[in-house]
Amino acid sequence: MLNFTYHVPTRVVFGKGSLDKLGRELSCLGDSLLFVYGQGSIKKTGLYDAVHQILKKQQQVRYRELAGVQPNPRITSVRDGIALCKEHGVTGILAVGGGSVLDCAKTIATGVFYPDDPWEMFLKGDSTIQRALPVGAVMTFAGTGSEMNGNAVISNEQTSQKLAIHSDLLRPAFSLLDPTYTITVPRDQTAAGVVDIFSHILEQYFSPTQETFVQDRLAESLLNTIVHYGPVTLNEPHQYEARAQVMWTSSLALNGLLGYGKLSDWATHAIEHVLSAFYDVTHGVGLAILTPAWMQYVCEPKTRERFVTYAQNVWGITGTDADHVATQGILKTQEFFTSLGMPTRLRDIGIHNERLQEAAKSAVAFGDIGKFKKLGYRDVLTILQNAY
Ligand code: NZQ
Ligand code: ZN
């Protein structure tokens, strides 16, 4: 195991009625708030009105709104938010919505202090992030894990890039997680969230670091949970327990728990972010297509043992032929995504063969990707072609 510092300062209030705690939690955001939300789902579900009522009751608190944050949030929304913060002396940000809303809020929170255009942070790297306003979240979607982590992923339409920043300063001060809010998420988006959670676990499970027994068994438990409860959220969308299991798994999958003490891969995410940037693909849909293609490509004699353990412990596959067991595990993964209604080929989601080279180039623009197996341009291109 590698050395690490474990620091997850987010206060998580989990369960039905957690919004009742919002008034109390808001005190850490100061007296001038920016209330950030998406394209209207919270208005339809009544959550907007509920938050509005709570904010109005805070006697000393003023607030402004930033509405309309898009899925695959854009740097333009971040710029708008920063301008509002500067104009109104904002002291903290409240994000109400999914990962896109929260990622936008986090980027605004640090962008306020950034001396340059906020996109520069994504190009220059995490070490340039020195300060951030506190952010609180009311989550309505299970998938990204943004509610407990320090990541923010933002798209730039002008440069066709989708890039991430990471800093402990961006971990939310609090996150209210009420699984009942996720019941209204459309079926295809719920499935995309399930794939995203599954992929976050795999990206950390496939690691070159040896002796990671505790991380591996934790990861397998979370994968088992998703395999069990993911389909229930689709077949019985109102079942609270399934929504709760998936929502908490989403947070645990990417709050650091699985990744501390080891290297993680993240090549599939790096490739998917390019597809999202080029084609505005839903993140989980891109991952559902790319993950089996990545697995098939990197499964070779040197890496096979990990695939065998995965096939045995997650899918219950038995047998003495290691090659067969490993292949069955990959097949099961693909079948699982298909059972959730996910497409299997890039061509089925409007991606053009002619841009695969450009996409591969963009995925390795900052150098080779992947820690479990290092991938360069040719490797990425082959994975994209195999997934096409
Ligand atoms: O915009 P609104 O109207 O709110 O609608 C959203 C959006 O259309 C809707 N939605 C959310 N909650 C709902 C709901 N509809 C009905 N009822 C509800 N309760 O769902 C759609 C998708 O929302 P979005 O926030 O985009 O989904 P998600 O949480 O999956 O976030 C995806 C973004 O996060 C990034 C992805 O790349 C993508 O940009 N990621 C962030 C990560 C992180 N911060 O750690 C890690 C991930 O790997 C990922 O890259
Ligand atoms: Zn993801």
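User: About how many helical turns separate Asp196 and His200 in helix H7?

Analyst: This is a predicted model. Helix H7 covers residues 187-205, and Asp196 and His200 are four residues apart in it. Because of that spacing, the separation between Asp196 and His200 is about one helical turn.

User: Which protein residues are the donors of the zinc ion (ligand 2)?

Analyst: The donor atoms lie 2.0 to 2.1 Å from the zinc ion (ligand 2). Along the chain their spacing reads D-x3-H-x68-H-x13-H. The aspartate gives an OD atom and the histidines give NE2 atoms. The donors are Asp196, His200, His269 and His283.

User: How many aromatic pairs does the structure hold, and what is the geometry of the pair Phe4 and Tyr260?

Analyst: The structure holds 22 aromatic pairs. In the pair of Phe4 and Tyr260, the ring centres are 5.4 Å apart and the planes are at 20 degrees. Planes under 30 degrees apart count as stacked, so the pair of Phe4 and Tyr260 is stacked.

User: How many residues apart in sequence are the parts that Phe4 and Tyr260 tie together?

Analyst: Phe4 lies in the segment before strand E1 (11-14). Tyr260 lies in the loop between helix H9 (240-253) and helix H10 (267-279). The pair therefore ties together parts that are 256 residues apart in sequence.

User: Which parts of the chain does the aromatic pair of Phe198 and Trp315 link?

Analyst: Phe198 and Trp315 form a tilted pair, at 6.4 Å centre to centre with 35 degrees between the planes. Both residues are buried. They are 117 residues apart, with Phe198 in helix H7 and Trp315 in helix H12 (residues 304-315). The parts linked are helix H7 and helix H12.

User: Which residues make the nonpolar surface patch of about 480 Å²?

Analyst: A patch residue needs over 30% relative accessible area. Phe4, at 43%, is partly exposed and belongs to this patch. The residues of the patch are Met1, Phe4, Tyr6, Val214 and Leu218.

User: Over which ring does the charged end of Arg355 sit, and over which face does Lys43 lie?

Analyst: The charged end of Arg355 is 5.6 Å from the centre of the Tyr279 ring. Lys43 is at 4.6 Å from the ring centre of Tyr48.

User: What distance separates the C-alpha atoms of Val101 and Val69?

Analyst: Val101 is in helix H5 (residues 99-111) and is buried, with a relative accessible area of 5%. Val101 and Val69 are 32 residues apart along the chain. Their C-alpha atoms are separated by 6.0 Å.

User: What is the C-alpha separation of Asn235 and Leu340?

Analyst: Asn235 is in helix H8 (residues 213-235) and counts as exposed at 57% relative accessibility. Asn235 and Leu340 are 105 residues apart along the chain. The separation of their C-alpha atoms is 9.7 Å.

Key
Residues are numbered from 1 along each chain as its sequence is written. Chains are lettered from A and ligands numbered from 1 in the order in which they are written. This is a predicted model: local features need pLDDT of at least 70, side-chain atom pairs count only at pLDDT 80 or more; totals for chains, interfaces and linings use all residues. Side-chain values use heavy atoms; hydrogens and water are left out. Donors are N, O and S atoms within 2.8 Å of the metal (3.2 Å for Na, K and Ca); water is not among the atoms, so sites may look incomplete. Helices (H or I, at least four residues) and strands (E, at least two) are DSSP runs, numbered from the N terminus. Rings of Phe, Tyr and Trp (its six-membered ring) pair if their centres lie within 6.5 Å; planes under 30 degrees apart count as stacked, over 60 as edge-to-face and the rest as tilted. Buried means under 20% relative accessible area, exposed over 50%, partly exposed in between (1.4 Å probe, protein chains only). A charge sits over a ring if NZ of Lys or CZ of Arg is within 6 Å of the ring centre and within 35 degrees of the ring normal. Patches are made of residues with over 30% relative accessible area and no salt bridge: like charges are joined within 9 Å, nonpolar side chains (Val, Leu, Ile, Met, Phe, Trp, Tyr) within 5 Å. Accessible areas come from the Shrake-Rupley method with a 1.4 Å probe; for residues, only the protein chains shown count as cover. A salt bridge is a side-chain nitrogen of Lys or Arg within 4 Å of a carboxyl oxygen of Asp or Glu.
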